[in-house]
Amino acid sequence: MDQDIRSWFAENSEGIREISQKIFDKAETAFEERESAKIIAEYLSSYGFTTEFGIAGLPTAFRSRAGQGQPVIGFLGEYDALPGLNQGRDPYFTGDSAKNGHGCGHNLLGAGAAAAAAALHSALRRQGKEGTVVFYGCPAEEVFEGKNKMVAAGAFRELDVALSWHPFHLNFAGKAKYQVMDSIEFAFQGLSAHAAVEPHLGRSALDACELMNVGVNYLREHVPEEVRMHYCYLDAGETPNIVPEYARVLYYLRARDRNTLDDVVARVKKVAEGAALMTGTTVTGKVLCRGSETVLNERLIRHLDGLMRQIEFPEYTEEEKKFGITLAENTNLSQVKGEFSREIMPITGEVIYLSGSTDLSAVSQIVPTGFIFVTCFPKGTPLHHWACTACAGTSVGQKGMLYAAKVLAQCGYDLITRQSLLEEVKDDFYQACRK
Ligand SMILES: [Zn+2]
């Protein structure tokens with residue numbers, strides 16, 4: 001690791017831990033992350049960054065810049081929490097399902113990416129090296145809308161390379177493709193009536209939603225295995241004695257590639273139309289997000305993998321090890337093991353296909369993008385689970401965050417100081433886009 005980056009982390013780690021904990025306590029959900037965004041922007045301004053809020057017209061999206069000239073290295077941070085995933089910093093369930101929580105560890109993600117930006121800028125300034133460091137504050141990842149909207153509005157295009165990471169239960173330099181995902185809100189309009197006195201006059205929008213879901217559940221057998229279709233009700237009527245005239249159901253539809261997903265979406269829309277026909281209602285489908293495939297950058301993956309192997313892993317105290325074991329026991333899930341992974345998954349010729357999705361894929365379509373997964377939870381801990389929130393609030397998660405920040409800062413430094421590396425990364429991007 002560069003000496004200036006190393007000493008920056010030695011002197012500044014407490015501040016990073018602090019902001020990750022402040023964001024943990026705020027636990028603001030998608031598009032509500034006003035305080036969380038401000039915490040990161042203020043943190044970066046204390047290191048000489050200037051911030052512009054309202055990217056793509058989103059009040060909680062921002063860009064913080066420091067330094068000057070070429071190349072321009074971007075660090076992408078998220079900070080949205082999840083509804084209902086509230087949990088304390090304990091290895092047993094203490095959550096309040098009426099409250100939000102960082103069940104995906106985005107408090108660590110945002111703080112770690114900001115720290116990487118601050119560390120890189122400090123090292124460049126100290127060494128009098130040219131290069132611009134940009135931190136993009138990306139809201140609403142959990143609803144897959146932040147970066148998609150930002151890309152559509154022209155964000156990220158000034159970057160030579162974009163870097164990010166995600167807290168996880170293993171370590172990996174990200175030769176992994178996420179699923180392409182569309183999110184569509186189906187709204188049914190019927191007719192209200194007294195549900196006991198004159199039900200024959202009513203046309204139930206809720207019935208339509210239910211029939212649509214039945215139809216989609218039958219469709220499951222006839223789509224490729226990796227396709228995911230899930231839904232929840234947004235509106236489902238107010239009271240049983242009124243035939244619900246309006247109901248909405250939100251669908252997330254996912255597939256490995258855009259063509260397969262287009263086919264699935266078209267079939268789900270037909271199911272919705274069928275449900276409307278059966279119930280005498282009308283339906284409209286509003287696409288909230290249209291996802292992209294992940295473009296992998298092999299050169300960047302190899303470099304990140306090398307850095308992950310060079311930079312020293314966190315050591316865990318006896319207390320932290322005990323926390324992991326107790327947490328694992330209390331999840332009652334056999335897949336959760338008490339220990340923290342210290343191995344780095346090898347990069348092979350094979351691409352790993354993940355079941356989940358991220359709006360980071362939209363960024364990977366327009367600039368070379370590298371991302372790593374870093375251990376912040378015990379092995380096997382599922383995301384969007386109270387155990388994940390618990391770790392995101394403790395030193396266990398913070399250790400992964402600091403390790404990730406060091407890897408990303410050093411990667412940015414190498415891209416700025418080794419022109420041949422940057423050229424190879426860009427060349428790889430153009431090759432991948434041509435495929
Ligand atoms: Zn996440």
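**Cores, sheets and domains of a predicted model**

Modeller: In this predicted model, the largest nonpolar core holds 103 residues, and Ala119, Ile372 and Leu408 touch the most other members.

Colleague: Which residues are in contact with Ile372, leaving aside its neighbours within four places in sequence?

Modeller: Ile372 is in contact with Trp165, Phe172, Ala173, Gly174, Leu304, Met308, Ala404 and Val407. The C-beta atoms of each such pair lie within 7 Å, because that is the cut-off for a contact. A second, separate core has 30 residues, including Val180, Phe186, Phe188 and Tyr251.

Colleague: What makes strand 1 and strand 12 edge strands?

Modeller: The six-strand sheet is open and has the order 1-2-4-3-5-12, with mixed pairing. Strand 1 (50-53) and strand 12 (369-375) each pair on one side only. Neighbouring strands of this sheet are turned by 20 degrees against each other on average, direction ignored.

Colleague: How do you know that strand 3 and strand 4 pair?

Modeller: Pairing calls for at least two bridges. Strand 3 (residues 72-78) and strand 4 (residues 131-138) have seven bridges, in the parallel sense, and therefore they count as paired.

Colleague: How is the protein chain divided into domains?

Modeller: Domain 1 covers 3-178 + 294-434, and domain 2 covers 180-290. Their contact takes seven residues from domain 1 and nine residues from domain 2. On the side of domain 1 that touches domain 2, three residues are nonpolar, three are polar and one is charged. The C-alpha centres of the two domains lie 35 Å apart.

Colleague: What is the order of the four-strand sheet, and is its pairing parallel or antiparallel?

Modeller: This open sheet has the order 8-9-7-10, and the pairing is antiparallel. Its edge strands are strand 8 (228-236) and strand 10 (282-290), each of which pairs on one side only. The twist from one strand to the next averages 20 degrees.

Colleague: How do you know that strand 9 pairs with strand 7 and with strand 8?

Modeller: The threshold is at least two bridges. Strand 7 (residues 180-189) and strand 9 (residues 246-255) have ten bridges in the antiparallel sense, and eight bridges join strand 8 to strand 9, also antiparallel. Both counts reach the threshold, so both pairings hold. Ser183 stands opposite Tyr252 in strand 9, Phe188 stands opposite Ala247, and Tyr233 has Val249 as its bridge partner.

Colleague: Why is strand 9 called mostly covered?

Modeller: A residue is buried if 20 or more other C-beta atoms lie within 10 Å of its own. Seven of the ten residues in strand 9 are buried, so the strand is described as mostly covered.

Definitions and conventions:
Residues numbered from 1 in each chain as written. Predicted model: local features only at pLDDT ≥ 70, side-chain atom pairs only at ≥ 80, totals over all residues. Core = buried A, V, L, I, M, F, W, Y, C linked by C-beta atoms within 7 Å. Buried ≥ 20, exposed ≤ 12 C-beta atoms within 10 Å, placed from the backbone. Contact = placed C-beta atoms within 7 Å. Helix = DSSP H or I, 4+ residues; strand = E, 2+ residues; numbered from the N terminus. Axes fitted to C-alpha atoms, helices over the stretch in contact; angles between N-to-C directions. Domains from an automatic or database assignment. Nonpolar A, V, L, I, M, F, W, Y, C, P; charged D, E, K, R; others polar.
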